[in-house]
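The sequence and the coordinates come first.

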Amino acid sequence: MEETRSREESKLRVLEVIGGMIRNRGQDGFVRLLIQNFDSEGMQIDCFVPYDCPFPSYRKCIEEQGSGFYELGLPYMPERSVNYIYRPFLKFLREHPYDIIHIHSSKTTMMAMMAAAAKKTGVPRVIIHAHSGGGRETIKHRLLRFLGDLTMRNRVDLYCACSRSAAEWKFAGGYAEKALVIKNGIDVGKYRFDPEVRKQIRNKLGVFSDTFVVGNTGSLTAPKNQSFLIRVFAAVAEEDPSVVLLLVGDGEDRPMLEELITCLHLSDKVIFAGNVSDVEIWLQAMDVFVFPSLFEGFGIAALEAQAAGLPVIASDIVPDDVAVTDYVRFLSLKAGARKWAEEVLQHRNRARKDCTEAVRRAGYDIRETAGFVRDVYRKLEKGKIPADSGNAGCDRQ
């Protein structure tokens, strides 16, 4: 018994902190995949969220790996200052000591507040990880970035981001240049195109085998810009009345989107799949993936679509890192819905190809990412600060 306790105490204790609502996508999807594919020998990797987790399957996935899953159950108030989270988080850290805290968030203020709490409670190593980028540069954004820099400057040991552009968007000055880019790996093999699965999911949706299906996955929120997608789809439907739009995901914009669909007389052509845990299955049913985001840190949904063999039409605001195949076309949102529709229509009757190896060769296999992150943790444990290598050059020890 004493020996077991000693082994547990000698483990490197790491806490993956998710600074937003869990949607089973994006940054929290990345954390789940990371833990599921992590070689945790000699480590205890736990997960924390300040809010409630609305997906029991998410918690189950984490706990099945032997990881702890902690949720404080605080109300989610995105428009309010995050300071109401500080004291409960401080209390949690005092009761649960960790060697490394890895903070995943799209909000500078959240990263700064959590980093401050971590250092106040004596956490030896703090990592912050930016998962969003782009958008419109405003005075407010510049101020928050400046204030965040002041708070984090002596409290953060390693700055990380999902892309170089995400680092530049979130971190001030030299910290953006020094940030370690960690590739948003996916479980590549799950996305391989399967004609039989395509047939099954289309039958489930009541969609004919020769119907042209335009698709999109992600939260139904303003940054994902599905309202523009619906206008693009309306222009496509003028040319091809049998076309179908498949939207996978949910969010606060759904009522507005449903109203727009009704106004454009498209209700019989749009399918809302809601939040799903098997997005790779739904991608099989699509023929083209349209991704008109207003800003993205990386654009993992576009990567998943490529792995499924889909052509991708993305806004030119999406980082070009995501184009790991020849099937990505970037367009300006200023080009307008009709120009986008013309591009979409070019992909009717296009044969699907297996693109999984291209995605894997580009370094976006989650197993490679998990191994890279493990090496980062071990280096930090020894007091070393890993240099930027984008999943490829962190010396394995």
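A residue is called buried when its relative accessible area is under 20%, exposed when it is over 50%, and partly exposed in between (1.4 Å probe, protein chains only). The model is predicted, with local features needing pLDDT of at least 70 and side-chain atom pairs counting only at pLDDT 80 or more, while totals for chains, interfaces and linings use all residues. Residues are numbered from 1 along each chain as its sequence is written, and side-chain values use heavy atoms, with hydrogens and water left out.

**Methionine 114**

Methionine 114 is part of helix H5 (residues 108-120); helices (H or I, at least four residues) and strands (E, at least two) are DSSP runs, numbered from the N terminus. Its relative accessibility is 0%, so methionine 114 counts as buried. Leaving aside residues up to four places away in sequence, methionine 114 touches Val17, Phe48, Pro50, Phe89 and Ile103, where contact means heavy atoms within 4.5 Å. Aspartate 46 is 68 residues from methionine 114 in sequence, and their C-alpha atoms are 16 Å apart.

**Helix pairs**

Axes are lines fitted to C-alpha atoms, for helices over the stretch in contact, and angles run from 0 to 180 degrees between N-to-C directions.

| Pair | Angle | Axis distance |
|---|---|---|
| H2 (residues 26-36) and H3 (residues 56-63) | about 30 degrees | 9 Å apart |
| H10 and H14 (residues 337-345) | roughly 60 degrees | within 8 Å |

The angle makes H2 roughly parallel to H3, whereas H10 and H14 are oblique to each other. Angles under 35 degrees count as roughly parallel, over 145 as roughly antiparallel, 65 to 115 as roughly perpendicular and the rest as oblique.

In H2, Asp28, Val31, Arg32, Ile35 and Gln36 meet Tyr58, Cys61 and Ile62 of H3. This contact of H2 with H3 has 5 nonpolar, 1 polar and 2 charged residues. Here Ala, Val, Leu, Ile, Met, Phe, Trp, Tyr, Cys and Pro count as nonpolar, Asp, Glu, Lys and Arg as charged, and the others, Gly among them, as polar.

On the H10 side of the other pair, the contact residues include Phe228, Arg231 and Val232, and on the H14 side they include Ala337, Arg338 and Trp340. The contact of H10 with H14 divides into 9 nonpolar, no polar and 4 charged residues.

**Helix H11**

Helix H11 (residues 254-263) has Leu257, Leu260 and Ile261 as its buried residues. They cover an arc of only 100 degrees around the axis, which puts them on the same side of H11; the arc is that of the directions from the helix axis to the C-beta atoms. The buried residues of H11 pack against helix H10 (226-239) and strand E10 (270-274). Pro255, Glu259 and Cys263 are exposed on the face of H11 turned away from its buried side.
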